[in-house]
Amino acid sequence: MGSIYLKRMPVIRSIFFLLTLSFASWGFAEEPTGEYAEEELVWPAPPQSPKIRYLQSFSTSDDVAAEKGFFGKIIEFIIGPDDIVDLVKPMGVAVSSTGKLYVADVAGKRIHIFDKLGQEYDSIDGVSGVQFGLPIEITIDDEDSIYIADGLQRKVFKFTREGAFVRSFSDESLQRPTGVAVDSVRQLLFVVDTPAHNVKVFSLQDGLLKGVIGKRGVDDGTFNFPGFAATDASGALYVTDSMNKKIRVFGADQKYRRSIGKPGDGSGSFSSPKGIAVDSDGHVYVADVAFDNIQIFDKEGQLLLTFGTSGQRPGEFWMPAGLFIDKSDRIYVADSYNKRIQVFQYLGTGSDSE
């Protein structure tokens, strides 16, 4: 055995030396993870003071993978690259306090987890061995617990920050959960029930149904196929009313307050509103899948800014769906048909570029 080993060593060294020369000659320039714009993208365009800046996008598990060193690349050349998981049809998006990015993929039937800080990718594929049927939206509470709306299983599933299943929220009246939002202060989970034309209110403490907001109609406080939802710092609830083409706003007491937007094809109007989120200054962001853009309104419903257009380049959208804004005012957009999550930065009121 010893003599065979010694005879093979020069051969192994020779192969390694040749591979080293080959890799050195090829260069292997380092590339950043994710997709970045070649030049800075801001809205509005100069010379106006920018309010929104494009940061980057995520579309595959490789976008958060650690950069391989020289010898890592040699090993990859010999045994092949790691399996890469792609986003298929991202609809919902949420971000934890530690920066983990969670993506609800309705076509991939899983929750993708991008951990940029830890340079790792993971996923949640189902509950107790049963794969998700239609994971359409996701949200996170103040303790980083995860809530996943599965329209096919007619449930909302809760997981810990570590990915352990906790409980499900359901009721015989729940037809197809779509949007989900949390009021951590009042310990409430809001679940948009699209075909029922209302919002179910569950207790986070015992999982029981506590009430229902709205009914089908066109008047104030009613819905016609509502979709996504969000809450702000005061506990107010914002719901995209898809077929009425408006945003319905309810106070922390769950009473109707006002509507934002109107049907139409001009600025400040909606054709097919989907994702919704609120930044630290109380501005309301709405994704419209028909317009392929994001519109930003103030607290009273006045249009402030629109960004994005149809396309596949950074800052362009193809049927944007879910929205999420983290505590640092980074804006995450589920760019569903471009199969990616685009990330932007709200620069703050009166900010120039910081």
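Buried residues have under 20% relative accessible area, exposed ones over 50%, and partly exposed ones lie in between (1.4 Å probe, protein chains only). This is a predicted model, in which local features need pLDDT of at least 70, side-chain atom pairs count only at pLDDT 80 or more, and totals for chains, interfaces and linings use all residues. Residues are numbered from 1 along each chain as its sequence is written, and side-chain values use heavy atoms, with hydrogens and water left out.

The average pLDDT (the predictor's confidence in each residue, from 0 to 100) is 88 for the chain, and 83% of the residues score at least 70. Residues 1-9 fall below 50, and this stretch has zero contacts (heavy atoms within 4.5 Å) beyond near neighbours in sequence. Residues 350-354 also stay under 50, but here the model has 10 contacts beyond four places in sequence. Where pLDDT is low, the predicted coordinates should not be read in detail.

The chain has two helices and 27 strands, taken as DSSP runs (helices H or I, at least four residues; strands E, at least two) and numbered from the N terminus. Of its 354 residues, 49% are buried.

The structure holds 10 salt bridges, each a side-chain nitrogen of Lys or Arg within 4 Å of a carboxyl oxygen of Asp or Glu. One of them joins D253 to R257, with the closest N and O atoms 2.9 Å apart. D253 is partly exposed because its relative accessibility is 40%; R257, at 44%, is also partly exposed. Another pairs D183 with R186 at 3.0 Å. Here D183 is buried at 5%, whereas R186 is partly exposed at 36%.
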